[in-house]
Amino acid sequence: SAGSLEKNTLIPEPDNFRTTIHNLRLDQDFSFGTLTATATYHEKTSSIQIDYTAPSAPSFPGIDPVRELEILNTDGTTFEVRLASRPGERFDYLVGLYHDDTHEHTNDTFSAANAAAVIESTYSGLFGAGIGQLSAPGGDIFQGYGPFRGQESALFGEATFHFNDQWKLTLGGRAFETKSTSTTTEADFFELVNTGTLQETLAGKQSESNFAPKGSLTWTPSNDFMAYALVSKWVRFGGPNISPSSTTFAIPPSFATDSLINYDIGERSSWFDNRLQLDASLFYIDWSNIQLQFYSPAGISYVTNASKATNYGLEDTA
């Protein structure tokens with residue numbers, strides 16, 4: 001028995017995911033370093049079906065099983081060129097350019113076979129005769145769909161200075177710019193109840209320039225021991241929500257970028273002719289404008305931003 005994890009639904013809830021990646025890479029050696037160029041095509045599709053009958057029952061008495069179908073199609077290209085110095089020098093470097101262009105199309109549909117008839121019998125007194133077929137064509141209670149395009153261009157690099165055989169300092173970072181555009185169309189009965197119109201189209205744009213630095217200091221007194229201190233920043237840009245709002249709960253149309261700064265001090269060591277390996281680190285993480293997935297009172301998922309959080313502790317393995 002599944003116990004507390006058991007779930008009973010009126011319709012199956014399959015999840016289907018497929019990811020395809022094609023990559024082409026070229027390496028060219030020079031006397032001063034190695035030039036690497038890569039071109040990547042990536043494609044991802046997903047289809048998720050959810051039984052939404054129970055949350056719909058109070059508003060649609062006698063309705064057939066309600067299916068929520070989320071379909072996502074994403075494809076894009078990524079290009080990167082980097083130049084790395086030859087290893088073994090006192091001064092090492094890595095510099096590069098990066099560009100990604102991703103297109104995404106999302107379709108979120110709530111439907112039931114007898115939706116038009118139930119809406120007609122329940123809400124014709126409020127909206128007038130014929131509201132069933134008008135607001136639920138083909139049994140669709142809600143449709144949210146639209147394209148999204150995200151672009152990122154970056155210049156990145158790092159440089160390492162070897163003070164001697166034991167000590168080295170690495171400084172680097174990533175300067176980047178992100179752009180996103182989206183057009184979201186919401187239609188049918190849920191849209192009528194929430195906005196007073198049968199269809200609404202919202203367009204949005206977001207752009208941001210930022211810099212993610214990185215720095216580390218490493219001490220390696222022997223082949224069996226290494227200690228380090230590291231600080232780095234990570235950034236994740238935002239995007240749109242296409243889930244339907246309600247008269248009592250408004251879902252934000254988009255969510256913003258969040259960022260994370262990590263501080264880490266640790267060691268890597270081996271003992272007794274490599275029969276024992278120890279890895280330990282003290283870490284402190286500062287996370288700002290956190291992207292979180294929430295659910296509306298009607299059980300519809302969306303992403304929004306929280307304030308901030310910190311995480312600290314000790315991590316070790318042996």
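Which charged end sits over the ring of Tyr 98? My notes on this one follow.

1. That would be Arg 174: its charged end lies 4.8 Å from the centre of the Tyr 98 ring. Bear in mind that we're looking at a predicted model.

2. On the overall build, the protein chain has four helices and 15 strands. Its C-alpha trace spans about 85 × 45 × 35 Å along the principal axes. The radius of gyration is 26 Å, whereas a compact globule of 318 residues would come in near 20 Å.

3. As for how the chain packs, 65% of the contacts with a separation of 6 or more are between residues 24 or more positions apart. Buried residues make up 33% of the 318. The accessible surface is about 18,600 Å², and carbon and sulfur atoms account for 57% of that.

4. Aromatics deserve a look. With ring centres within 6.5 Å as the cut-off, the count comes to 17 aromatic pairs. Take Trp 219 and Phe 225: their ring centres are 6.0 Å apart and their planes are at 70°, so this pair is edge-to-face. The angle settles the class, because planes over 60 degrees apart count as edge-to-face.

5. Both partners of that pair are partly exposed: Trp 219 has a relative accessible area of 31%, and Phe 225 has 26%.

Notes: Residues numbered from 1 in each chain as written. Predicted model: local features only at pLDDT ≥ 70, side-chain atom pairs only at ≥ 80, totals over all residues. Heavy atoms only, no water. Phe/Tyr/Trp six-rings, centres within 6.5 Å; stacked < 30°, edge-to-face > 60°. Buried < 20%, exposed > 50% of the residue type's maximum accessible area, 1.4 Å probe, protein only. Lys NZ or Arg CZ within 6 Å of the ring centre and 35° of its normal. Helix = DSSP H or I, 4+ residues; strand = E, 2+ residues; numbered from the N terminus. Rg over C-alpha atoms; globule rule 2.2 N^0.38 Å. Contact = heavy atoms within 4.5 Å. Areas by Shrake-Rupley, 256 points an atom, 1.4 Å probe, with all protein chains shown as cover.
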